[in-house]
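Visitor: Please show me the model, and let us go through the terms that describe it.

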Amino acid sequence: MTVDLAGLRVGDAIPGTRKTIYQRALAESQFSKDSIHNDDYTRTKGYPGALVSAYVLAGYMSELMVNLFGWSWFSTGRIGLTFIGKGVQQGDPVICGGRVKALEDGPDGRRVVVEIWMDKEDGGRPVIGEASAIWAPPA
Amino acid sequence: MAEVLSYDALVVGEALGPVQTRITEKAVRAYCDDWDDPNPCYLETSPLGGPVAPPAFMAGLTGFRLLGAKYDARATIGVKTEHENLAPIPVGQTMTTSGVVADKYVKRGLEYVVITSTSTDEAGKAFRRSTDHILLSLKRRPADDR
């Protein structure tokens, strides 16, 4: 699915995704006693359970951008993500979303900048960031 | 055996890698299953012809793999990641990633390292540039050493 970007305005919400978090390694492997993927260890540090890796969360956010920008994302996409709060745990239902932050015209075309995030359905926003890609060639 | 990862031993400017990953059809299919993202561009055809790797394939792992190739980095945590996609890479290629320790810093007693890296295809063409901020562990430095 690719969104028709022609009508987007600053402030518009972009189509979101709903996902259930899954990391294969957490399902299939055991981790050392000082690993952030170890339930007991992370609980002693104030987290609700083992942390899902940042690269897994980045994959979910990248899908959101492929849906938005389509093929352009593969060659002009830029993304920056910050992982905060209590993290994300295996099996958490999440919603990835965003909003258009800016439309920047440049020599390569119009770059659409979006503010993006991942929300846990039971509360909290463990991922925030910004992404952009070119959607149209110069006039 | 990998060296123990120590903040003090990390040297800004230190080269890391290269590390190589073959982008197999099996690995891409596993990605699509795990992320529940069965985009036909990854599994069937793309505007490039054949299937291409998901743009995030191995993306957030490169900094960890580069660090892990030299150090025991099992307690690390990703806190920030940035990627710039430069081109699609076809399934079947071997990607090569090289990086450098770009910075290190202590914030509220926790130790961080910043790894910048570039991933190239088999022709040596860069298809992704990345920056990863990695927390070395959840252990805080002693209060008098911050």
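Guide: Two residues are in contact if their C-beta atoms, placed from the backbone, lie within 7 Å. This is a predicted model, in which local features need pLDDT of at least 70 and side-chain atom pairs count only at pLDDT 80 or more, while totals for chains, interfaces and linings use all residues. Residues are numbered from 1 along each chain as its sequence is written, and chains are lettered from A and ligands numbered from 1 in the order in which they are written.

Visitor: Which residues are in contact with V114(B), leaving aside its neighbours within four places in sequence?

Guide: They are A102(B), D103(B), K104(B), T131(B) and H133(B). Between V114(B) and T131(B), the C-alpha distance is 6.9 Å, with 17 residues separating them in sequence.

Visitor: Why is V114(B) called partly exposed?

Guide: A residue is buried if 20 or more other C-beta atoms lie within 10 Å of its own, exposed if 12 or fewer, and partly exposed in between. V114(B) has 17 such neighbours and therefore counts as partly exposed.

Visitor: What makes strand 2 of chain A and strand 4 of chain B a pair?

Guide: Two strands pair if DSSP finds at least two bridges between them. Strand 2 of chain A and strand 4 (residues 77–85) of chain B are joined by five bridges and run antiparallel; strands here are DSSP runs of E, at least two residues, numbered from the N terminus. Within strand 4 of chain B, H83(B) stands opposite I79(A).

Visitor: How many residues of each chain are in contact with the other?

Guide: The contacts involve 30 residues of chain A and 29 residues of chain B.

Methods:
Helices (H or I, at least four residues) and strands (E, at least two) are DSSP runs, numbered from the N terminus.
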